[in-house]
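Please open the model in your viewer and keep the selection panel at hand.

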Amino acid sequence: MEQIDRWDYAGEGLEESQLPAAPWELVRSWVDQARRRNKAQGDLPEPDQISIGTVDEHGRPSVRTVLMRYLEPAGPGFYTNLDSRKARDLAANPQIAGTLTWAPLFHAIRFSGRARQLDRDVVRGYFESRPWGSRVGAWASAQSQPLHDRGELEQRVHELEQRWPDTGRPDDVPLPDGWGGYVIECDEVEFWAGRSSRLHDRLVFVREGDGDLSTEGAWRVERRQP
Ligand SMILES: Cc1cc2nc3c(=O)[nH]c(=O)nc-3n(C[C@H](O)[C@H](O)[C@H](O)COP(=O)(O)O)c2cc1C
């Protein structure tokens, strides 16, 4: 039998009494804690990485990691190519799930709900904040499509770099029509807190009424078995 390194999840856990009336405040607080932890200890690189699950028109699932570069009471969100596999999946079926996992903190948050495309002004604001190379890259990559070889991609990047040289201005590369973002409008938000002997705490906010992550009275809480 192969030797397995076992790690006891000796987290502090999570109690009902620690929960706000709606999930927003605790989402914010755990995200901030993960970001601070990485700044202070460097053991949580990319604290904003989120695994995103979608299904295609035949119900076939697909999961990939993206960066959560949008976080508002409306929900967590990310930016991507609007013709990618995930975008095609979402066009056929807007059901979506996302999980943030911070093992060094013994914390995870699971979101599920429906994806809505972010408004163009929000997308533009984020696009213009990205480094020049990433903005050029967004044009160069027909994300999820086959590529003959690496050289083909690099040639395209080279041509685009000539077309839109780096002037230091945020709008020197135009926003591609085919690049955008999604927010997860949640029906469930689960806070997972790892504890010893795999007897973790799972407290789940389940949507009962209209509103967003900050709407008090729109959520009930359910504890689930670990
Ligand atoms: C840490 C990390 C961060 C990533 N961030 C993004 C992102 O913000 N947006 C994105 O479209 N792809 C991102 N990717 C690439 C995706 O995992 C994936 O390869 C790509 O989006 C294509 O997925 P799809 O073919 O399922 O649409 C990231 C990958 C990793 C490992």
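Begin by selecting residues 179–226, which the unreviewed UniProt entry annotates as "domain: Pyridoxine 5'-phosphate oxidase dimerisation C-terminal". UniProt positions follow the numbering used here, feature names are shortened, and annotations may be inferred rather than shown by experiment. Numbering starts from 1 along each chain as its sequence is written, and the model is predicted, with local features requiring pLDDT of at least 70 and side-chain atom pairs pLDDT 80 or more, while totals for chains, interfaces and linings use all residues. Side-chain values use heavy atoms, with hydrogens and water left out.

The end C-alpha atoms of residues 179–226 lie 39 Å apart, and the span is 0% helix and 56% strand (DSSP runs: helices are H or I, at least four residues; strands are E, at least two; both numbered from the N terminus).

Next, select the ligand together with R64, T65, V66, L67, Y79, T80, S84, R85, K86, Q143 and S144, the residues around it (a heavy atom within 4 Å).

Now display the polar contacts (pairs of N or O atoms within 3.5 Å). An N or O atom in the R64 side chain is 2.7 Å from a ligand oxygen. A polar side-chain atom of K86 lies 2.6 Å from an oxygen atom of the ligand. At Y79, a polar backbone atom is 2.9 Å from a ligand nitrogen.

Finally, colour by element: β2 (61–67), β4 (75–81) and α2 (85–92) each give two or more residues to the shell around the ligand. The largest share, 4 residues, comes from β2.

How values were computed
Polar contact = N/O pair within 3.5 Å; in protein donor to acceptor, adjacent residues only side chain to side chain.
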